[in-house]
Amino acid sequence: MIRNYQDLTRLEMEQLDRKHTIVLIPLGALEQHGNQAPLGTDDIIANAMVSYLKEELEAVCEDFPMLVFPVIPVGLSTEHKNFCGSVTFRPDTYYHLLYDICESLARHGFKKIAFLICHGGNAPLVQILSRELRSDLGLYAFYLSSGAFSHPDVKATVSPGNIWDFHGGEMETSMVMAVDPSLVKLDTAQAGIPAPFLHTRALKPYGGASISWMSEDWKTEDGTPIGIGGDPSGATAEKGSIILRTSARELVPGLLDISDWDVDEEADEQNS
Ligand SMILES: [Zn+2]
């Protein structure tokens with residue numbers, strides 16, 4: 001059964017098959033998302049994604065063994081820190097915070113952790129951390145990307161010509177609108193483009209030749225730093241629901257595989 005970690009009593013936790021239960025830890029961020037979307041956009045998306053995910057998993061599996069940990073509301077947002085309202089951990093703080101949580105979980109006998117990454121800037125650190133958790137603590141730390149942004153149904157929600165859409169753009173703004181439209185001030189929206197990269201040969205903000213960009217690199221047409229990629233003006237709640245639903249569905253096969261992942265086999269090997 002999928003339950004919130006914090007809702008269990010100690011006795012219920014003691015009686016749980018912790019070895020085979022996945023702890024899903026949603027990783028949010030508290031950072032600027034342009035003029036129009038709230039600072040907590042990634043946390044709002046994280047909570048919504050968990051709700052959609054529960055529905056999708058319960059539709060295919062009657063008794064999916066997972067506990068949902070509280071969303072970690074602050075993450076690694078160095079790239080956004082110069083914009084008003086953004087809050088970030090330093091990389092080593094964030095690493096140790098997550099490590100300590102997982103060490104506690106390991107102490108109680110959990111073996112499977114799944115990080116739900118709801119802010120791309122968290123991903124590199126979580127990948128490094130996950131390997132250390134496996135190596136140090138024998139934990140299986142999996143990571144899942146919350147947004148299926150390359151899925152055709154998601155791409156189809158993006159307005160024609162909005163080619164740079166990602167952080168704080170049409171897709172993320174739509175997802176927030178699907179949760180609570182009053183949190184989005186669409187009349188203040190301005191589009192952002194990666195101005196320093198528009199005329200480079202191969203160097204792009206992501207891809208084969210890239211740099212760790214800061215959100216100041218993303219500017220409006222007239223060159224004002226805006227810190228977002230894409231044009232949020234076409235965002236709607238309907239588009240947001242499609243993106244959330246599609247992304248949740250795309251996560252289901254991976255979570256079923258994580259559930260099937262054999263934690264007993266390796267223990268047997270170590271004992272022999
Ligand atoms: Zn975001």
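In the predicted model, the axes of helix 2 and helix 7 (residues 237–260) come within 8 Å and cross at roughly 55 degrees. Axes are lines fitted to C-alpha atoms, for helices over the stretch in contact, and angles run from 0 to 180 degrees between N-to-C directions. Helix 2 is therefore oblique to helix 7; angles under 35 degrees count as roughly parallel, over 145 as roughly antiparallel, 65 to 115 as roughly perpendicular and the rest as oblique. The crossing of helix 2 with helix 7 is right-handed, a crossing being left-handed if the near helix is turned anticlockwise from the far one by less than a right angle, and right-handed if clockwise. On the side of helix 2, Ala 48, Met 49, Tyr 52, Leu 53, Glu 56, Leu 57 and Val 60 take part, and they meet Leu 244, Arg 245, Ser 247, Ala 248, Arg 249, Leu 251, Val 252 and Leu 255 of helix 7. Contact requires C-beta atoms, placed from the backbone, to lie within 7 Å. The residues of this contact comprise 11 nonpolar, one polar and three charged (Ala, Val, Leu, Ile, Met, Phe, Trp, Tyr, Cys and Pro count as nonpolar, Asp, Glu, Lys and Arg as charged, and the others, Gly among them, as polar).

Residues are numbered from 1 along each chain as its sequence is written. Because the model is predicted, local features need pLDDT of at least 70 and side-chain atom pairs count only at pLDDT 80 or more, whereas totals for chains, interfaces and linings use all residues.

Helix 2 also packs against helix 6 (residues 170–179), at an angle of about 60 degrees and with the axes 9 Å apart. These two helices are therefore oblique to each other, and helix 2 passes helix 6 in a left-handed crossing. Thr 41, Ile 44, Ile 45 and Ala 48 of helix 2 meet Glu 172, Met 175, Val 176, Ala 178 and Val 179 of helix 6. By class, seven nonpolar, one polar and one charged residues form this contact. Ala 48 is listed both in the contact with helix 7 and in that with helix 6.

Five strands form an open sheet in the order 1-3-2-4-5, with parallel pairing. Two strands pair if DSSP finds at least two bridges between them; helices (H or I, at least four residues) and strands (E, at least two) are DSSP runs, numbered from the N terminus. Strand 2 (residues 22–27) and strand 4 (residues 112–117) are joined in the parallel sense over six bridges, and Ile 25 stands opposite Phe 115 in strand 4. Helix 2 (residues 41–60) packs on the sheet, touching strand 1, strand 2, strand 3 (66–68) and strand 4, and its direction makes about 155 degrees with that of strand 1.

A further helix pair consists of helix 3 (residues 91–107) and helix 4 (residues 123–137), which pack at an angle of about 40 degrees with their axes 10 Å apart. Their crossing is right-handed. In this contact, Pro 91, Tyr 94, Tyr 95, Leu 98, Tyr 99, Cys 102, Glu 103 and Ala 106 of helix 3 meet Leu 125, Leu 129, Leu 133 and Leu 137 of helix 4. The contact residues divide into 11 nonpolar, no polar and one charged.

Overall, the chain has eight helices and seven strands.

Terms used: Contact = placed C-beta atoms within 7 Å.
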